[in-house]
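I opened a notebook for this one and jotted down what I looked up.

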Amino acid sequence: MHHYSIEELDNSRMYKMISGSIIPRAIGWITTLDEESEVVNAAPFSFTSGVSNEMPLISMAILRKNGETKDSARNLLKYKNGVVHIVSADIVDEMNETAANLKADESELDRTNLHLIPSTRVKTPGIKEAKIRMEVTVYDYHPVKDRAGKIVTDFFFLEVTDFHFDEAVFDVEKEYISVEALQPVARLAGPYYATLDDVYRKDRPQ
């Protein structure tokens, strides 16, 4: 096996190895609102995961770029709410457009044909075309620092207040989400993404 110690890796190479090894990753596509300017920011973050079922918590790590806080993190810190969407195959190109680096007073959604829809409880609107969206509030926040004390990642625990499921992907009677209908997209490394191929079942041992 090829071996690398962290002492011989710079940040770029470490990111490559982490993002290329921990795959596939769910994409947390979040909208946040600057309530003063009323600009809606949209951005995808693949360092996103579920945390608990007893509390509806999602974790989202928003890496800083050149030490600068990203718009999504800044809005979450100031206004404490947003909407997290699940990316499906039919809107992956639109999602990719929102990954553009824009100024804080520009909305990434202006680069797309997506539409906003009001949320039930939070101020931030959601993306209408997403088949699953979750209204969230900031439950906890941890600035992740390097050994020199510089913040490198804004790490959030987001509490879901409301779930929204498109009728096409959700069976109301069974409260079941159809993976086949959803066609979720996962992030790999670099510019690569993946969809699900064979879905198979493995029962856990008793």
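Which strand order does the open sheet of 3 strands have? I looked it up and got 1-13-14, with antiparallel pairing.

Before going on, I noted that this is a predicted model, where local features need pLDDT of at least 70 and side-chain atom pairs count only at pLDDT 80 or more, while totals for chains, interfaces and linings use all residues. Residues are numbered from 1 along each chain as its sequence is written, and side-chain values use heavy atoms, with hydrogens and water left out.

I wrote down how the elements are named: helices (H or I, at least four residues) and strands (E, at least two) are DSSP runs, numbered from the N terminus. Two strands pair if DSSP finds at least two bridges between them. At the edges I found strand 1 (25-26) and strand 14 (193-195), each pairing on one side only. Strand 1 runs antiparallel to strand 13 (residues 185-187), and 2 bridges join them. I checked A26 and found that its bridge partner in strand 13 is A186.

Next I traced an open sheet of 7 strands, which goes 3-2-6-9-10-5-4 with antiparallel pairing. Strand 3 and strand 4 (48-52) are its edges; each has a single partner strand, so one side of each has no neighbour in the sheet. From one strand to the next, the twist averages 35°. For angles, axes are lines fitted to C-alpha atoms, for helices over the stretch in contact, and the values run from 0 to 180 degrees between N-to-C directions.

I also asked what packs on this sheet. Helix 2 does, touching strand 2 (28-34), strand 3, strand 5, strand 6 (81-86), strand 9 (132-145) and strand 10. Contact here means heavy atoms within 4.5 Å. The direction of helix 2 makes about 55° with that of strand 2.

Then I looked at one pair of strands in the sheet. Strand 5 (residues 57-63) and strand 10 (residues 151-165) run antiparallel and are joined by 7 bridges. Within that pair, I found A61 opposite F155 of strand 10.

**Entry: the cavity**

How many cavities of 30 Å³ or more does a search of the whole structure find? It finds 1. I noted the rules: on a 1 Å grid over the protein atoms alone, a cavity is a set of points where a 1.4 Å probe fits but cannot get out, and a pocket is an open set with protein on both sides within 12 Å along at least five of seven lines; lining residues have an atom within 4 Å of a point. Grid points are joined across faces, edges and corners, and a volume is the space filled by probe spheres set on the points.

The largest cavity holds about 70 Å³. I listed its lining as D34, V39, N41, D71, R74, N75 and A104. Helix 2 (71-79) gives the largest share, 3 residues, and strand 3 (39-45) also supplies at least two. By class I got 2 nonpolar, 2 polar and 3 charged residues. Ala, Val, Leu, Ile, Met, Phe, Trp, Tyr, Cys and Pro count as nonpolar, Asp, Glu, Lys and Arg as charged, and the others, Gly among them, as polar.

**Entry: the pockets**

The largest pocket came out at about 1,700 Å³. Its lining has 44 residues, with Y15, L63, R64, K65 and K70 nearest the centre. Helix 1 gives the most, 5 residues. I counted the lining by class as 20 nonpolar, 12 polar and 12 charged residues.

The second largest pocket has about 430 Å³ of space. Of its 17 lining residues, I86, V179, L182, P184 and L196 lie nearest its centre. Strand 1, helix 4 (179-182), strand 13 and strand 14 each supply at least two lining residues. By class, this lining has 15 nonpolar, 1 polar and 1 charged residues.

**Entry: backbone details**

I found a cis peptide bond between I23 and P24, with omega about -10°. P24 sits in the loop between helix 1 and strand 1. E38 lies in the loop between strand 2 and strand 3, and its phi is near 65°, a positive value in a residue other than glycine.
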